[in-house]
Amino acid sequence: MNIFDAIIHNRILIAGVLGWATAQVLKLLIHLIVNRKLSWERLIGDGGMPSAHSATVTAVAATAGMECGFDSPVFAVAAILAIIVMHDAMGVRLEAGKQAQVINEMIQTFVKLGDTKISAETKLKEFVGHTPIQVFAGFLLGLLIAILFCTGA
């Protein structure tokens, strides 16, 4: 089996990609329903409901456990990585998004006051982190995808 065949038949990798893609499509649909506006950026953007990061790493870890055993080194590495990613999404990345929102508001205020040195067109990304419920929803989605993928349902 060549490298390309090995990659496209790697069940753990495929489960992770399915977790990410499913979460991104759900983000697009949820944003459309809540805001009544189609935003294609939601299809690839960070932040929002559910967390694609959480869905991806959970699908990878759960599939690794089901494929290789929950006592395997592969599962151990995937599980630790999943914990770190989900913790980071709720911590540093969520706070960075809040800070970006405040900075963007400050820039708008300075622009309204007539400060010509500041550009209001360069906005910081505010959707970069996740709330705990968004991370939990991504976790559940990733777990569901791994179970369905591994059981062939």
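The model is predicted, so local features need pLDDT of at least 70 and side-chain atom pairs count only at pLDDT 80 or more, while totals for chains, interfaces and linings use all residues. Residues are numbered from 1 along each chain as its sequence is written, and side-chain values use heavy atoms, leaving out hydrogens and water.

**View 1. Helices α4 and α6 pack together.** Here α4 (residues 73-90) meets α6 (residues 132-151) at an angle of about 150°, and their axes are 9 Å apart. Helices here are DSSP runs (H or I, at least four residues), numbered from the N terminus. Axes are lines fitted to C-alpha atoms over the stretch in contact, with angles from 0 to 180 degrees between N-to-C directions. The pair is therefore roughly antiparallel (that is, over 145 degrees).

**View 2. Who touches whom between α4 and α6?** Met86, Ala89 and Met90 come from α4, and they meet Pro132, Val135 and Phe139 from α6 (contact means heavy atoms within 4.5 Å). These contact residues split into 6 nonpolar, no polar and no charged.

**View 3. The largest nonpolar core.** This core has 10 residues, including Ile12, Val57, Ala78, Val85 and Val135. A nonpolar core is a set of buried Ala, Val, Leu, Ile, Met, Phe, Trp, Tyr and Cys residues joined through side-chain atoms within 4.5 Å, with buried meaning under 20% relative accessible area (1.4 Å probe, protein chains only). Which helix gives the most to this core? That's α4, with 5 residues. Look for Val85, too: leaving aside residues up to four places away in sequence, Val85 touches His53 and Val57.

Key. Helices (H or I, at least four residues) and strands (E, at least two) are DSSP runs, numbered from the N terminus. Angles under 35 degrees count as roughly parallel, over 145 as roughly antiparallel, 65 to 115 as roughly perpendicular and the rest as oblique. Ala, Val, Leu, Ile, Met, Phe, Trp, Tyr, Cys and Pro count as nonpolar, Asp, Glu, Lys and Arg as charged, and the others, Gly among them, as polar. Buried means under 20% relative accessible area, exposed over 50%, partly exposed in between (1.4 Å probe, protein chains only).
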